[in-house]
Amino acid sequence: MEDLKNIIKECTSGNARAQEKLYRMFAPKMFGVCLRYAKDRTEAEDNLQEGFVKVFSNIASFRHEGSFEGWVRRIMVNVSLSKFRKQHVLYPVKDMGQYDSVQVSDDILAKIGAEDLLGLIQQLPPRYRMVFNLFVMEGLNHQEIGEEMNISVGTSKSNLARARDILKRKVLELYGEVESNANLLA
Amino acid sequence: MKEEKNNMDKIFREKLEGFREEPPAFVWDNIQANLSEMRRKKRIAWYSWSAVAALLVLAFLSGWYFNETAEKTTPRVAETERVEPQHEIIPREREIPVQENETMATGSREPESEQPGAEKTAESTAMPIQEEKLPVAHETIQAERTRTILASAGMNLIKRIETPEIITKEQERRHSLEKKEKPLDPVNYFTWEQKLMDENIRRLAHAAKKQTGWKMGLNVSPGYSSYAANHGETYASNMTSETGDGNTNLSGGISVQYKTGKRVRVESGIYYAQNGQKTGSSPMFSGMRAEADYMATPAGKLHFNTPVNITNNRMAMNSTAGIIEFEGLPKGAEVAANLESYGLYSNSLLTQGELSQVFDFVEIPLYLRYLIIDRKMDVELVGGVNTGVVVGNNAYIDNEYGLQNIGKTRDISTVNVSGTVGLGLNYAIGRNLSVAVEPRLNYYLNSLNRNPEVDFRPYRIGIYTGLYYEF
């Protein structure tokens, strides 16, 4: 921990070696974060790059109050969000449609690998993906999501529901049959 | 149902939270490249700011230095200096209250307009007047600032800057009138086109306000340099004859201009220039100076002969720009002992030919440029101060043995201040490129020589021809 503090301090004064150390420490995890928010790898790579440039140029403003990882992660999420805002002109349309919900047993979900789950998330329509990530992964409530994304609480709620629904359907579509002949695919 | 959702979220969270993937290597390379680019930009920004700061400090110091030296020099010199600014400051002070009165007059008109009945007509007349006054008032503030900046460094410039300010105001007014006189023919445009054009004009006007930028220039100038000199009586009685004149030379340098507004630019840079004096041979063998009457001179041959002071094996001679310290006895020159004690010195130097004192300067200017006419051919007024650092100090004798470096001039101050005025003609030959021809007068405000007996102020008239690049 003391080590990280030193590295951060070195980074503040622009030490290139410390910067690389810091990058090596956090890049894989943050790439995971970026991948979740992006539609594909290329976008995730871009966001990771932009995020880390932000991290290094603003590192002096890190006050050692919260966790450093949380701070870096927040930057990554913000970069992804602002990219999303730029790319998708937001129409404040209320999306309150009722969907027939499907059931997926936890067992199936539990068996799917993280990488595949990530793939499913990436396939979601951009706004659903954002809402799902912010709600599930960052633990934001709908009020906060609404503020971050400039949408209403209702839209956030329905987007989340829709995201879950799509994910479930995808899971069923791809892995639903698997249960019976799991051996073949395992 | 709720539980199921939570479970699903939980599974996603748990699985993805710990998910890591090594990003491709080029991401780090890009980050590094980005960071170093940012660092470079920061450094450049820092450099340019510190350069600006350094120039301001330099300008301030040179102004201060000039004031100091002006106080230190002999009263005779101080007198002429004191007289000049008094003449110029008086009209300036008179000018300001007048302008204030004008703005006050418009201000006093307003309460009158509040009277019922006269309200509408008074307002309609008062408003445009006010609008016209405001920019003028603003300009006077700016002009005032310009004057004070210049006044702090070079008092001689005050008058010269003042007149251009007046001209430009008129010029600007004429411009705005021209625009109003040419109304667009409404028949030729659709209403929506008109709206688009109005919008474009509005944007253009808005963009023009923000206009700032840099301009780099490369200059060479053939020039003629001469001097104004005054000498103490004793010094003069033992001095080379004053049939001196100036010399032609070449100067040049690079300049950087920063555009602070539509019309005003601040310029700095670095120039090389040469100043000096030449003293020709005098046929007069007599008078107060010549002590070598005994020497038989062929008729028609010009000699100059000047008392020299020989002490501790060193020879020194009073000359126009100061005392020349000889490195040795020049070829073709002879030293004669003075038989009668005419002057202070016991010897005289006799030689044919011409004597010259040459000073090389590196000049760092701080100029203000004001655009008078903004056309394809721009006309600008230039004025400002230079810090002239003496980097070369040589004295020569040009006689039958050729040009000989005989030594240097004593008591030459390294840092000097000169004032410059000029008129620039700029012709755009491309989007960013322009050529300029600029006659300038550069006059040293302080005496180059610290010796209180010598007041030597060189000046130079040059036609600066240059190529400018705007970005």
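**A walk through a helical chain and its partner**

The model is a predicted one, so local features need pLDDT of at least 70 and side-chain atom pairs count only at pLDDT 80 or more, while totals for chains, interfaces and linings use all residues. Residues are numbered from 1 along each chain as its sequence is written, and chains are lettered from A and ligands numbered from 1 in the order in which they are written.

Is A:Leu167 buried or exposed? A:Leu167 counts as buried because 21 other C-beta atoms lie within 10 Å; the cut-off is 20 or more other C-beta atoms within 10 Å of a residue's own, with exposed meaning 12 or fewer, partly exposed in between, and C-beta atoms placed from the backbone.

Stepping back, chain A has ten helices and zero strands. Of its 186 residues, 34% are buried.

Now look at H7(A). Nine of its twelve residues are buried, so this helix is mostly covered; among them are A:Tyr128, A:Arg129 and A:Phe132. Just after H7(A), A:Gly139 takes a positive phi of about 70 degrees.

Next comes a pair of helices. Two packed helices are described by the angle between their axes and the distance between the axes. H2(A) and helix H4 (residues 68-87) of chain A pack at about 35 degrees, with axes 10 Å apart; axes are lines fitted to C-alpha atoms, for helices over the stretch in contact, and angles run from 0 to 180 degrees between N-to-C directions. The residues making this contact include A:Phe26 and A:Met30 of H2(A), and A:Val72 and A:Met76 of H4(A); two residues are in contact if their C-beta atoms, placed from the backbone, lie within 7 Å.

Finally, turn to the partner chain. The contact takes 24 residues from chain A and 22 residues from chain B. On the side of chain A that touches chain B, H2(A) gives the most, with eight residues. By class, that side has 16 nonpolar, three polar and five charged residues, where Ala, Val, Leu, Ile, Met, Phe, Trp, Tyr, Cys and Pro count as nonpolar, Asp, Glu, Lys and Arg as charged, and the others, Gly among them, as polar.

Technical notes. Helix = DSSP H or I, 4+ residues; strand = E, 2+ residues; numbered from the N terminus.
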